Amino acid sequence: MTAFDVRILGSGIVSRSLALALARQGLRVALQTRPGAAHASPDVRAYALNPASVALLADLRAWDTLPADARTAVHDMRVAGDAPGAQLAFSAFAQAVPALAWIVDAAALEAVLETAIGFSPQVHLFAEPPAAALTVVAEGKASLLRQQLGVQFEQHSYGQRAIAARLVADRPHSGVAHQWFRSPDILALLPFDRPQVGHGYGLVWSLPEAEAERLLALPAADFDAALNGATGGGAGRLALASERTAWPLMLGRASAVSGAGWALVGDAAHVVHPLAGQGLNLGLADVAALADVVKRRESWRSPGDAELLRRYARRRATGTWAMAQATDGLWQLFAGQQPWLRELRNRGLGLVNHITPVKRWLVGQAIDT
């Protein structure tokens with residue numbers, strides 16, 4: 001008999017959330033410690049969390065302990081294409097929800113989860129977690145253990161990088177998120193109360209590799225000029241308020257997400273384009289599904305039972321596949337520069353904007369992932 005029921009490899013938001021969820025069931029969890037220097041520079045990442053993710057974090061008692069300025073509600077979203085009049089707008093009011101999403105400071109969320117782990121007697125930290133009935137791989141898209149398990153990771157590079165930074169605007173964000181789809185780049189501004197309450201944004205700007213490198217190398221003032229040219233004043237005058245960071249974009253999917261004694265969650269199982277802001281939501285949905293499957297298992301099944309873990313795999317298969325197809329399809333639609341494709345996508349945006357049931361369905365898919 002092993003000393004632990006579950007060991008979790010990985011040290012991010014998904015792995016810590018899963019550790020807390022399983023510990024609440026009375027399971028003994030061996031969790032990998034966080035590297036001493038996870039980020040060489042200040043963490044400028046901001047995540048868009050849907051209501052399902054917020055509900056999970058609230059259940060883990062991590063949501064309400066976040067600082068007030070570390071979470072900002074998105075009440076409206078405005079999407080623009082690359083032609084005049086190609087616009088699409090969503091609102092929480094029309095969807096009858098408190099918010100379309102919440103923008104959360106990544107570092108603050110990690111700190112809150114880290115504190116919660118410290119108060120959980122069922123969770124024990126190890127640099128190399130010992131053996132357990134169930135091994136959960138949450139090491140990210142470059143997971144070594146996934147490879148050792150013989151799981152193939154099919155991936156496709158988009159040939160782009162996403163630039164992230166914190167911004168300050170000269171006018172209030174009013175809880176409005178902005179997104180511009182223009183071949184070949186996609187630019188998103190996420191309303192955020194850091195670094196300045198009511199005037200902050202998180203930037204996620206996806207561009208071809210060469211252009212991303214050029215923008216990263218620009219002095220701050222020149223980058224601001226390029227950014228304001230790209231947004232056309234749609235969110236006011238914007239200025240950098242942090243360092244810039246960037247990462248390569250890809251579509252990835254594991255050939256299997258479970259087996260006898262093991263399961264994959266988060267980026268170790270699937271990676272999608274950030275244009276819909278669903279990456280972490282997919283990972284937290286994995287957490288909720290795996291924790292629920294383990295909780296509902298028959299008394300004679302161990303947490304690592306192969307059939308039990310197949311239930312987890314079946315539960316997540318449709319949602320992750322659909323989101324991967326949706327994000328990739330949108331990217332393909334807006335990456336093409338053919339005149340007929342440009343006409344099609346821009347007319348499509350305007351058409352959808354006038355069909356309320358379709359808009360409600362689109363928002364529902366995002367918030368229920």
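Author: Welcome! In this predicted model, the side chains of Asp185 and Trp205 make a polar contact at 2.9 Å.

Reader: What makes that pair of Asp185 and Trp205 a polar contact?

Author: The cut-off for a pair of N or O atoms is 3.5 Å. The two side chains come to 2.9 Å, so the pair is within the limit.

Reader: Why is Asp185 called buried?

Author: Buried means under 20% relative accessible area. Asp185 has 11%, so it counts as buried. Asp185 sits in strand S12, residues 185-192, and touches Trp180, Trp205, Ser206 and Leu207, leaving aside residues up to four places away in sequence.

Reader: What makes S3 and S7 a pair of strands?

Author: Pairing needs at least two bridges. S3 and S7 (residues 101-105) have four, in the antiparallel sense, so they pair.

Reader: Which order do the strands of the open sheet take?

Author: The order is S3-S7-S4, with antiparallel pairing. S3 (46-49) and S4 (71-74) are called edge strands: each pairs on one side only. Helix H4 (residues 106-118) lies across S3 and S7, at about 80 degrees to S7.

Reader: How do you know that the span of H8 is close to the expected one?

Author: For the 17 residues of H8 (279-295), 24 Å is expected at 1.5 Å a residue, and the helix reaches 25 Å from its first C-alpha to its last.

Reader: Why is H8 described as largely enclosed?

Author: Of its 17 residues, 14 are buried, so the rest of the structure largely encloses H8.

Notes: Residues numbered from 1 in each chain as written. Predicted model: local features only at pLDDT ≥ 70, side-chain atom pairs only at ≥ 80, totals over all residues. Heavy atoms only, no water. Helix = DSSP H or I, 4+ residues; strand = E, 2+ residues; numbered from the N terminus. Buried < 20%, exposed > 50% of the residue type's maximum accessible area, 1.4 Å probe, protein only. Polar contact = N/O pair within 3.5 Å; in protein donor to acceptor, adjacent residues only side chain to side chain. Contact = heavy atoms within 4.5 Å. Expected span 1.5 Å × (residues − 1). Axes fitted to C-alpha atoms, helices over the stretch in contact; angles between N-to-C directions.
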